[in-house]
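Me: I have a model open and want to go through some side-chain contacts. Can you take my questions as they come?

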Amino acid sequence: MAPDEERPRILYSDSGPEPPYPLRMEGTVISGFGRGSKELGIPTANLPVDENATPWIATAKSGVYFGYASLALPSSHPDHKSHYHRHRTNPRAAADAPPAPLPSSNPPPPRTTITSVSTASETFPSFSSSSEEVTKEQTRTDRKEEAQGDKTLEDGPQHWQIYPMVMSIGYNPFYKNAVRSAEVHVLHKFAADFYGAPMRLLILGFIREERDYSSLDALVTDINIDCDVARQSLARPAWTPREGTVDGTRGELDGSWLVRDS
């Protein structure tokens, strides 16, 4: 195994994926071995390996791949797009906190000061404003409209959100699995699990072959490098979907399959 410093962090040319990529895979997220979060600190979403639905996987090389995952989260999930305005307003808001009131259409420009609020692990900006409070009536109206919007999302078509990902296909020699599995690590910190959610994968390239390791620390180190390789390799226009990732980044890659109606 090559030393960490010898592993390139950007793979393939800037022009985009090359045949046989992209490859597609989809399914419903299922419970896996339960090791990703507990032992590795790297949570994974598991998909069933179905050679009938995904013929290419029968001959796919065991190892680590990268690309994009799209998830159709229920509107009640804290990472559903409908909740994003709350987290942008207050990144420290609890997952079950009520959404922040939406601003009125023509609010007066507030005078804002910024101070630093420290926690054990992070420092966030804290905003205070001297502008008038939004009226109670406006707040009630905004929340009513938001509730109606959530109902539409619940009853309407699935809403797909695109995330960068790395995935492992194989037997994981370190754990000596007897069954071939597909384990996906979505490069996003989720506020809750999403078992049972539909997931689609657009696999754009191969990172490395499957390996055995002398220690758990060595395995975790290599996985973290895999994540870094995926992030840097995908951070190019021809490798970023036109449809946009969950953080709003858009590029030139055709990712329409990730978000099309079922």
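Me: How far is R200 from the ring centre of W257?
Reply: R200 lies over the face of W257, 5.8 Å from the ring centre. A charge counts as over a ring if NZ of Lys or CZ of Arg is within 6 Å of the ring centre and within 35 degrees of the ring normal. This is a predicted model, where local features need pLDDT of at least 70 and side-chain atom pairs count only at pLDDT 80 or more, while totals for chains, interfaces and linings use all residues. Residues are numbered from 1 along each chain as its sequence is written, and side-chain values use heavy atoms, with hydrogens and water left out.

Me: Which other ring has R200 over its face?
Reply: W160, with R200 at 4.0 Å from the ring centre.

Me: And which side chain meets R200 in a salt bridge?
Reply: E26, at 3.7 Å from N to O. A salt bridge here is a side-chain nitrogen of Lys or Arg within 4 Å of a carboxyl oxygen of Asp or Glu. R200 lies in strand β8 and E26 in strand β1 (residues 23-28), so the pair ties together parts that are 174 residues apart in sequence. Strands (E, at least two residues) and helices (H or I, at least four) are DSSP runs, numbered from the N terminus.

Me: Is R200 buried or exposed?
Reply: R200 is buried, with a relative accessible area of 3%. E26 counts as partly exposed, at 46%. Buried means under 20% relative accessible area, exposed over 50%, and partly exposed in between, with a 1.4 Å probe and protein chains only.

Me: How many salt bridges does a search of the whole structure find?
Reply: The search finds 10. One of them joins D222 and R208, whose closest N and O atoms are 3.8 Å apart. That pair links distant parts of the chain, with D222 in helix α4 (residues 216-234) and R208 in strand β8, 14 residues apart. D222 counts as buried at 2% relative accessibility, and R208 does at 8%.

Me: Which residues are linked with D222 and R208 in a network?
Reply: R7, R211 and D226 are linked with them in a network of salt bridges.

Me: What does R242 pair with?
Reply: R242 forms a salt bridge with D254, the closest N and O atoms being 3.7 Å apart. Both residues lie in the loop between α4 and α5 (256-259), so the pair ties together parts that are 12 residues apart in sequence. R242 counts as partly exposed at 44%, and D254 does at 45%.

Me: Switching to aromatics. How many pairs are there?
Reply: A search of the whole structure finds 6 aromatic pairs. Rings of Phe, Tyr and Trp (its six-membered ring) pair if their centres lie within 6.5 Å; planes under 30 degrees apart count as stacked, over 60 as edge-to-face and the rest as tilted. Among the pairs is Y163 with F190, which is tilted at 5.1 Å centre to centre and 55° between the planes.

Me: Where do Y163 and F190 lie?
Reply: Y163 lies in strand β6 and F190 in the loop between β7 (181-186) and β8 (198-209), so the pair ties together parts that are 27 residues apart in sequence. Y163 and F190 are both buried. F190 also forms a tilted pair with F194, at 4.8 Å centre to centre and 55° between the planes.

Me: Which side chain makes a polar contact with Y163?
Reply: The side chain of Q161, at 2.8 Å.

Methods: Polar contact = N/O pair within 3.5 Å; in protein donor to acceptor, adjacent residues only side chain to side chain.
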